[in-house]
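Open the model in your viewer and keep the selection tool at hand. The stops below tell you what to pick and what you will find there.

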Amino acid sequence: MGIHSTACIHPTAIIDEGASLGARCRVWHWVHISSGAVVGEGCSFGQNVFVANNVRIGNNVKIQ
């Protein structure tokens, strides 16, 4: 678990401790991913997206 080394995270994004991001994820401006969230590989989160606690997101999902 944790943040994969190939994840691309914008400096304004907030990734809470305990969140997990898969390989090749892209997290853009002002995104907040809460603790306990598990994100698969190759996902993209557009500006201002909020992911709540304990949410599970599969592979190759794009959320805007």
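**The whole protein**

Start with the surface: the protein exposes about 3800 Å², and carbon and sulfur atoms supply 51% of that area. Accessible areas here come from the Shrake-Rupley method with a 1.4 Å probe, and for residues only the protein chains shown count as cover.

This is a predicted model: local features need pLDDT of at least 70, side-chain atom pairs count only at pLDDT 80 or more, and totals for chains, interfaces and linings use all residues. Residues are numbered from 1 along each chain as its sequence is written, and side-chain values use heavy atoms, with hydrogens and water left out.

Now show the C-alpha trace. Along its principal axes it spans about 20 × 20 × 20 Å. The radius of gyration of the protein is 10 Å, which agrees with the value near 11 Å that a compact globule of 64 residues would have. That radius is taken over C-alpha atoms, and the globule rule is 2.2 Å times the number of residues to the power 0.38.

Colour by secondary structure. The protein has zero helices and 10 strands. Helices (H or I, at least four residues) and strands (E, at least two) are DSSP runs, numbered from the N terminus. Read along the sequence, the pattern is β-β-β-β-β-β-β-β-β-β.

Select S2, S5 and S8. They form an open sheet in the order S2-S5-S8, with parallel pairing. Its edge strands are S2 and S8 (50–51), and each pairs on one side only. Two strands pair if DSSP finds at least two bridges between them. Zoom in on S5 (residues 32–33): two bridges join it to S8, and the two strands run parallel. There, His-32 stands opposite Phe-50 in S8.

Next, select S3, S6 and S9. These three strands form an open sheet in the order S3-S6-S9, and the pairing is parallel. S3 and S9 are the edge strands, each pairing on one side only. Strand S6 (residues 38–39) and S9 pair in the parallel sense over two bridges. Which residue of S9 is the bridge partner of Val-39? Pick Ile-57 to see the partner.

In general, strands of a sheet pair through backbone hydrogen bonds, either parallel or antiparallel.

**Into the core**

Buried residues make up 36% of the 64 residues. Buried means under 20% relative accessible area, exposed over 50%, and partly exposed in between (1.4 Å probe, protein chains only).

Select Val-27, Val-31, Ile-33, Val-39, Phe-45 and Val-51. These have the most contacts inside the largest nonpolar core, which has 15 residues. A nonpolar core is a set of buried Ala, Val, Leu, Ile, Met, Phe, Trp, Tyr and Cys residues joined through side-chain atoms within 4.5 Å.

Stay on Val-31. Leaving out residues up to four places away in sequence, Val-31 touches Ala-13, Ile-14, Phe-45, Gly-46, Asn-48 and Val-49. Contact means heavy atoms within 4.5 Å.

**Ala-19**

Move to Ala-19, in the loop between strand S2 (14–15) and strand S3 (20–21). Is Ala-19 buried or exposed? It counts as buried, because its relative accessibility is 6%. Beyond its neighbours within four places in sequence, Ala-19 is in contact with Gly-2, Ile-33, Ser-34, Ser-35, Gly-36 and Ala-37.

**The cysteines**

A disulfide is a pair of cysteine sulfur atoms within 2.5 Å. By this rule the count is zero. Select Cys-8: the nearest cysteine sulfur, that of Cys-25, is 10 Å away. Cys-8 is partly exposed, at 42% relative accessible area. Then select Cys-43, where the nearest cysteine sulfur, again that of Cys-25, is 4.7 Å away. Cys-43 is buried, at 0%.

**Two positive phi angles**

Finish in the loops. Arg-24 lies between S3 and strand S4 (26–27). Its phi is near 60°, a positive value in a residue other than glycine. Arg-24 is partly exposed, at 49%.

Last stop: Asn-60, in the loop between strand S9 (56–57) and strand S10 (62–63). Phi of Asn-60 is near 60°, again positive in a residue other than glycine. With 59% relative accessibility, Asn-60 counts as exposed.
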